[in-house]
Amino acid sequence: MNDSILSGTVANAATEPQVGKHQAKPVSGLRFDWLFNLLCAIFVGGLYLDGWAHNHGRVDQSFFTPWHAFFYSGFLLAAIAFVGAAAINRTRGYPLTLAIPAGYRLSGVGLFIFAAGGVGDMVWHVIFGVERGIEALFSPTHILLGLGIGLIVTGPLRAAWRRQDQNNSWRELAPAIASLGILLAALTFFMMFSFPVTVQLAANGTGKSYFNDDVGKVAGMFGATLTAAALTGPILLGLRRWRLPFGAVSAVLGLAILGAAIVDYERPLMIWTALGMAVSALALDYLAWRAQPSANPNALRWLAPSIPLLLYGGYYAVLLPTAGTSWSVHMWTSTIVIPAVTCWLLSFLIAPPAMPES
């Protein structure tokens, strides 16, 4: 994601709804952001419920299940809020291009993508049957649904990105932070095959550890790297735009870690390793709050690799003295170092070095 994507298709003040002297204000702003966040939380909660059902053998060969009903009901509620806001703004005299709340145009695109993916998913299930286990994360129609979800839930984040003269308080930024947290939770769902807590990465040959041969170890290392990048990129982008209030980073990461622990919960060790990562998230919160990357972009150079270093370090700090690991020290440390290097490189995309003057 970059500035132009987050700001929507048009990012200048000329595209904002202009309220005339006697014209009613449009439906938008913080209140609408909170409403949309609430509906998106229900939406993504339905995603997790459906994933839990898949992981625990609660689905059959039918598309019409109670889990799908809850999931798609969340989508319907978000769609009603989006269409309702645009319709009300039209009745208040705003042209169609300005009736959509600022920052939500890509959410509208996401609604169409998700609807198309839902119809395609129903047809896919009828023709090919219901996916089993990890297959559900890679089904083409499910990937299309995931793209739609990402665009939908980031509406409040894009709306906040466009606003000027914001202070850095929880009151002003809480909807953006909540939107960022819901996005990371959705990303975590699609990363459940590689999130350390969910798969118990490098655990001593028990439970959810699938990575005990050479091929599995390489897959685990690449999965850990992909997961770290998926968590780090959106957080760095938020830190580059705002000085997030203390508690924001740990709240966003904590939501992702909680989702990873519950989506396929089987053993108490998953809770303990999640707590290890959550404690590290608190330390990251303090570092991010002190670094102020929005004012000093160079701080991202050391903050970015700190995210996987601390998160995965917290995971292994719990795993090693409890379940232990069948991996050699050379291998399990690679799942810390390689993601850290990757996230360091990612920081150059979020805050590229200044170009020399001609």
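Helix α7 is mostly covered, with ten of its 14 residues buried (under 20% relative accessible area, against over 50% for exposed and in between for partly exposed, with a 1.4 Å probe and protein chains only). The model is predicted, so local features need pLDDT of at least 70 and side-chain atom pairs count only at pLDDT 80 or more, while totals for chains, interfaces and linings use all residues. Residues are numbered from 1 along each chain as its sequence is written, and side-chain values use heavy atoms, with hydrogens and water left out.

**Helix α7**

- The buried residues of α7 are T141, H142, L145, G146, G148, I149, G150, L151, I152 and V153.
- The end C-alpha atoms of α7 (residues 140–153) are 20 Å apart, which agrees with the 20 Å that 14 residues should span at 1.5 Å a residue; the expected span is 1.5 Å times one less than the number of residues.

**Whole chain**

- The chain has 16 helices and zero strands, where helices (H or I, at least four residues) and strands (E, at least two) are DSSP runs numbered from the N terminus.
- Of the 358 residues, 53% count as buried.
- The accessible surface comes to about 16,200 Å², and 69% of this belongs to carbon and sulfur atoms; areas come from the Shrake-Rupley method with a 1.4 Å probe, and for residues only the protein chains shown count as cover.
- Among contacts (heavy atoms within 4.5 Å) between residues at least 6 apart in sequence, 79% join residues at least 24 apart.

**Nonpolar cores**

- A nonpolar core is a set of buried Ala, Val, Leu, Ile, Met, Phe, Trp, Tyr and Cys residues joined through side-chain atoms within 4.5 Å.
- The largest core has 56 residues, and V197, L201 and L311 have the most contacts inside it.
- Helix α14 (residues 300–322) gives the most to this core, with nine residues.
- Apart from neighbours within four places in sequence, V197 is in contact with A260, A261, M270, T273, A274, M277 and Y315.
- A second, separate core of 33 residues includes L145, I149, V153 and A185.

- N89 is found in helix α3 (residues 66–91) and is buried, with a relative accessible area of 0%.
- Not counting residues up to four places away in sequence, N89 touches P26, V27, Y94, A99 and P101.
- S107 lies in helix α5 (residues 105–128) and is likewise buried at 0% relative accessible area.
- Leaving aside neighbours within four places in sequence, S107 is in contact with F36, L151, I152, G155 and R158.

**Surface patch**

- L38, I42, F70, L76, L77 and I80 form a nonpolar patch on the surface, with about 540 Å² of accessible area together.
- Patches are made of residues with over 30% relative accessible area and no salt bridge; like charges are joined within 9 Å and nonpolar side chains (Val, Leu, Ile, Met, Phe, Trp, Tyr) within 5 Å.
- Helices α2 (29–55) and α3 each supply at least two residues of the patch, and α3 gives the largest share, four residues.
- I80 lies in α3 and is exposed, with a relative accessible area of 51%.

**Salt bridges**

- The whole structure holds two salt bridges (a side-chain nitrogen of Lys or Arg within 4 Å of a carboxyl oxygen of Asp or Glu).
- One joins the side chains of R163 and D33 at 2.6 Å, N to O.
- R163 lies in the loop between α8 (155–162) and α9 (170–190) and D33 in helix α2, so the pair ties together parts 130 residues apart in sequence.
- R163 is partly exposed at 23% relative accessible area, whereas D33 is buried at 1%.
- R171 forms a salt bridge with E172, with the closest N and O atoms 3.2 Å apart; R171 counts as exposed at 61% relative accessibility.
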